[in-house]
Amino acid sequence: MTSTDTTKAAGGGRLSVIDALRGLVIIVMVLDHVRDYFHVSGYAYDPIDFHHSPPAVYATRWITHLCAATFVWLAGVSVWLRHDKTNDTRAVSTFLLTRGLWLVFLECTVVNFGWSFSVPFLPLLQVIWAIGFSMIALAALVWLPRVAVLATGIVIIAGHNLLDGISAKSFGAWEGLWMFLHEGGVGMWHGQPFALIFYPVLPWIGVIALGYGMGAVFTSSRRDLIFTVCGLLMIAAFFALRWLNVYGTTAPWANQHDTARTIMDFMNVQKYPPSLDYVLATLGPIFVLIPWLARLKGPVAGFLVTFGSVPLMAYVAHLYVMHALSIAVHFAAGQPFLPFIDTMRHFVMSPDLFKGSGFPLWAVYLGWMATVAIIYPLCRWWQGVKRTRHDWWLSYL
């Protein structure tokens, strides 16, 4: 499928620029997950830690920061477009509630099995979980005027870092609730981990509300100008806040022994939970990119739209493919592969099991391209199914 128009996909009401943008970040996301399973930085050190990470590994990890914020923001945009089309707040609210619960269920079952390849597994609560709970919150917010939802999103994004000083442990028996809402971390029960809460939901509710509030921009005749101005202002705000070192993320930066390390420290913005600096540094460039992506045509546009029009299928499929590839490649290379069964538990409790595994960064990029190539036919088939059939249940997949 090719992009026939800067606004709409061929033959329908979907905005092709949204599908193209979503497809782009899906492809970039696959790179990060392949790195986790193919490279030593998946278990031995934090690839965003400039003290240990080579610049190329750091850059490979940092570019994927763009993905989660864009996914959640676009989820909010899509909800506004749905609401604007139907003008049925009750139906939209009901859809958000049920689909949000469905996504949480998928995260805790199908998605987590893909991460671990084991039963039982240690649940890893990430972006599908965050989108699910954000949709549940948005099910209530859609009853407000769009501008009020936009204001809510901005307040949460800009203000939630004021809560960083509050520790989950200060809540005693309610510690888990604060981890769920804002702090995140390893959930413990009787001294054993029971869940990895990577995506506490409160900040992500702000991002989805921002997307809903900005949804009208996509149908505006001044779309390109608005996104360009907003994006540049967000980038400028990021550099100003980060330079001042007073607010916006938990880790201040400092001059290091060389320019590269100083830049890496400066750009090291907190993602878990997503700080104000993180949102500015990721959505700002995405907003600037949107007008350029809307002009993209031909096979490249069609390639991106294929993934972006079936995001849930692409997400689930890539987990299973890249995980299976990782096991096969480690086995073929004579490296430890059994740790990649019940992977998440081993990452947390037995990282030494992974010693001796991992490949050079170039192999990560080969694995990335192979994963994308393998899931493309499946996504293209599912795109055709969703284009030709309109069963109600397809909207949940």
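Which residues line the largest cavity? The legends below begin with that site. The model is predicted, so that local features need pLDDT of at least 70 and side-chain atom pairs count only at pLDDT 80 or more, whereas totals for chains, interfaces and linings use all residues. Residues are numbered from 1 along each chain as its sequence is written, and side-chain values use heavy atoms, with hydrogens and water left out.

**View 1. Lining of the largest cavity.** The lining consists of Asp 36, Tyr 37, Phe 38, His 39, Tyr 43, His 330, Phe 340, Phe 354, Ser 357 and Gly 358. A cavity is a set of points, on a 1 Å grid over the protein atoms alone, where a 1.4 Å probe fits but cannot get out, and lining residues have an atom within 4 Å of a point. A volume is the space filled by probe spheres set on the points, with grid points joined across faces, edges and corners. Helix 1 (residues 16-38) gives the most to this lining, with three residues. Helices (H or I, at least four residues) and strands (E, at least two) are DSSP runs, numbered from the N terminus. By class, the lining has five nonpolar, four polar and one charged residues; Ala, Val, Leu, Ile, Met, Phe, Trp, Tyr, Cys and Pro count as nonpolar, Asp, Glu, Lys and Arg as charged, and the others, Gly among them, as polar.

**View 2. The second largest pocket.** This pocket holds about 850 Å³ of space. Asp 36, Arg 61, Gln 126, Phe 198 and Tyr 272 are the closest to its centre among the 41 residues that line it. A pocket is an open set of points with protein on both sides within 12 Å along at least five of seven lines. Helix 1 provides the largest share of the lining, six residues. The lining residues divide into 24 nonpolar, 10 polar and seven charged.

View 3. In helix 2 (residues 55-63), the buried residues are Val 57, Tyr 58, Thr 60, Arg 61 and Trp 62. Buried means under 20% relative accessible area and exposed over 50%, with partly exposed in between (1.4 Å probe, protein chains only). Their cover includes helix 1, helix 3 (65-86), helix 10 (259-266), helix 11 (276-294) and helix 15 (361-388). Thr 64 lies in the loop between helix 2 and helix 3 and is buried, with a relative accessible area of 2%. Apart from neighbours within four places in sequence, Thr 64 is in contact (heavy atoms within 4.5 Å) with Val 28 and Asp 32.

View 4. Three strands form a sheet of mixed pairing in the order 1-3-2. Strand 1 (124-125) and strand 2 stand at the edges, each with a single partner strand, so one side of each is left without a neighbour in the sheet. Strand 2 and strand 3 pair in the antiparallel sense over five bridges, where pairing requires that DSSP finds at least two bridges between two strands. Val 186 stands opposite Leu 196 in strand 3. The hairpin of strand 2 and strand 3 has two residues between the strands, and His 190 there takes a positive phi near 55 degrees.

**View 5. Phe 331 in helix 13.** Phe 331 belongs to helix 13 (residues 311-332) and is exposed, with a relative accessible area of 56%.
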